[in-house]
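Please look over the sequence and the structure shown below before reading on. The report that follows goes from single residues to the chain as a whole.

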Amino acid sequence: MSRRRGAGGIERILEKLEGNVKAGNYYDAFQMYKSVYNRKIGEGNPAEGLRLLVAGCQLFLAHKQMENGTELALLLGDHLVTHRTDPGTALNEQLVEILRGLWPSESAKQRFLPKLFKWSKFFTEHGDPQLHKACAEISLLESDYVTCCVHCQYLDLDGVDFYCHTLLDVVHTRVYKSEAELVITSAVLQYLSIKRTEHARRIFKLFLGRYQNFSNDFPHEQPLLNFAELLLQAIDKGSAPLVKALRVHYTRALERDPTLNELIDKVLRVYFNETKQPAGLGGLGGLMQSLFAPPKEETAASSITEDADLD
């Protein structure tokens, strides 16, 4: 009986708060959301507290109240981390809706995403692939290729096709033709740097099959493609000396972008227990920034990349 009353109580509260927002009483509604949330947590009822925060975020963002929506989203991020809320399809869908609402604000995105993925990484090594896919798709719609490519690195194997499509879009519209081999080689190295060998092999094969300026036949005209193909073979053989020999042999080609050598350091570390730690953004995010992204003090994408490097 008490559970029924409790369930009815939270429904009435949500209806009242929704009415205030729809009436334009944004400040009062915001304060009520926080007050009722704190009361629910004090009562030891984090599930209802979560419902309040999710509903509040969705409602404020739907009414273009970015500041209030952001503040509740940050509280939601802290709640997920503190209570280690179990993930699920329904919750993921709600979080994706909130992400879409926050995305136009760079500040909101940068503040919320690290909290979201800190929580998600309690349950999956690099964060839920569904959340990464949502971030990648939203970024691609806004032509934010840096953020899109960072999130693509953490998709499931089935998501490699989407990643390949993104890279092809990049090389066709955003970089010089001569830089295409840089883009695919960096993608291969990035996958290997988080020990996703099959992902690396698949992205390389798909890209070569779809990009008309490259051939599938070895040896390739482009030295970095030869490096990438031989590197995959060296990983399959479990040979650190061969990886190092390839690095020396292709020094000139690799020096076209310093992030490539940083990624090779990571590959040697995760596959062969090398201890050298690379510095800086690194990865495809770093390469994309160097190719065409405007300078920023920090991005949500770089926060996720740096966080992943500490794993």
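Is Glu18 buried, partly exposed or exposed? Glu18 is partly exposed, with a relative accessible area of 31%, where buried means under 20% relative accessible area, exposed means over 50% and partly exposed lies in between, computed with a 1.4 Å probe on protein chains only.

This is a predicted model, in which local features need pLDDT of at least 70 and side-chain atom pairs count only at pLDDT 80 or more, while totals for chains, interfaces and linings use all residues. Residues are numbered from 1 along each chain as its sequence is written, and side-chain values use heavy atoms, with hydrogens and water left out.

## The chain as a whole

The protein chain has 17 helices and zero strands; helices (H or I, at least four residues) and strands (E, at least two) are DSSP runs, numbered from the N terminus. Of the 311 residues in the protein chain, 53% are buried. Among the contacts with a separation of 6 or more, 65% are between residues 24 or more positions apart, a contact being heavy atoms within 4.5 Å. The protein chain exposes about 14800 Å², of which carbon and sulfur atoms supply 49%; accessible areas come from the Shrake-Rupley method with a 1.4 Å probe, and for residues only the protein chains shown count as cover.

Where pLDDT is low, the predicted coordinates should not be read in detail.

## Salt bridges

A search of the whole structure finds 16 salt bridges, each being a side-chain nitrogen of Lys or Arg within 4 Å of a carboxyl oxygen of Asp or Glu. Side chains of opposite charge can pair when their charged atoms come close. The table lists some of these pairs.

| Pair | Closest N and O atoms |
|---|---|
| Glu11 and Arg51 | 2.9 Å |
| Lys22 and Glu18 | 2.9 Å |
| Arg247 and Asp265 | 2.8 Å |

The salt bridge of Arg247 with Asp265 joins helix H13 (residues 240-249) to helix H15, so the pair ties together parts that are 18 residues apart in sequence. Arg247 and Asp265 are both buried.

Glu11 forms its salt bridge with Arg51, and this pair links distant parts of the chain, with Glu11 in helix H1 (residues 2-22) and Arg51 in helix H3 (residues 46-62), 40 residues apart. Glu11 is partly exposed at 33% relative accessible area, and Arg51 is partly exposed at 37%.

Lys22 and Glu18 both lie in helix H1, four residues apart, about one turn of the helix. Lys22 counts as exposed because its relative accessibility is 54%. A network of salt bridges links Arg39, Lys40, Glu43 and Glu48.

## Cysteines and Thr166

Cys152 counts as buried, with 0% relative accessibility.

Thr166 lies in helix H9 (residues 160-173) and is buried, with a relative accessible area of 0%. Leaving aside residues up to four places away in sequence, Thr166 touches Leu140, Tyr145, Cys148, Cys149 and Cys152.

## Loops and backbone

Asp257 is found in the loop between helix H14 (251-254) and helix H15 (258-272), and it is buried at a relative accessible area of 6%. The side chains of Asp257 and Thr259 are joined by a polar contact of 2.4 Å, that is, a pair of N or O atoms within 3.5 Å, where within protein one must be able to donate a hydrogen and the other to accept it, and residues adjacent in sequence count only if both atoms are side-chain atoms.

Most residues other than glycine have a negative phi, and most peptide bonds are trans. The peptide bond from Phe218 to Pro219, however, is cis, with omega near 0 degrees. Asn273, in the loop between H15 and helix H16 (283-291), has a positive phi near 60 degrees and counts as exposed at 68% relative accessibility.
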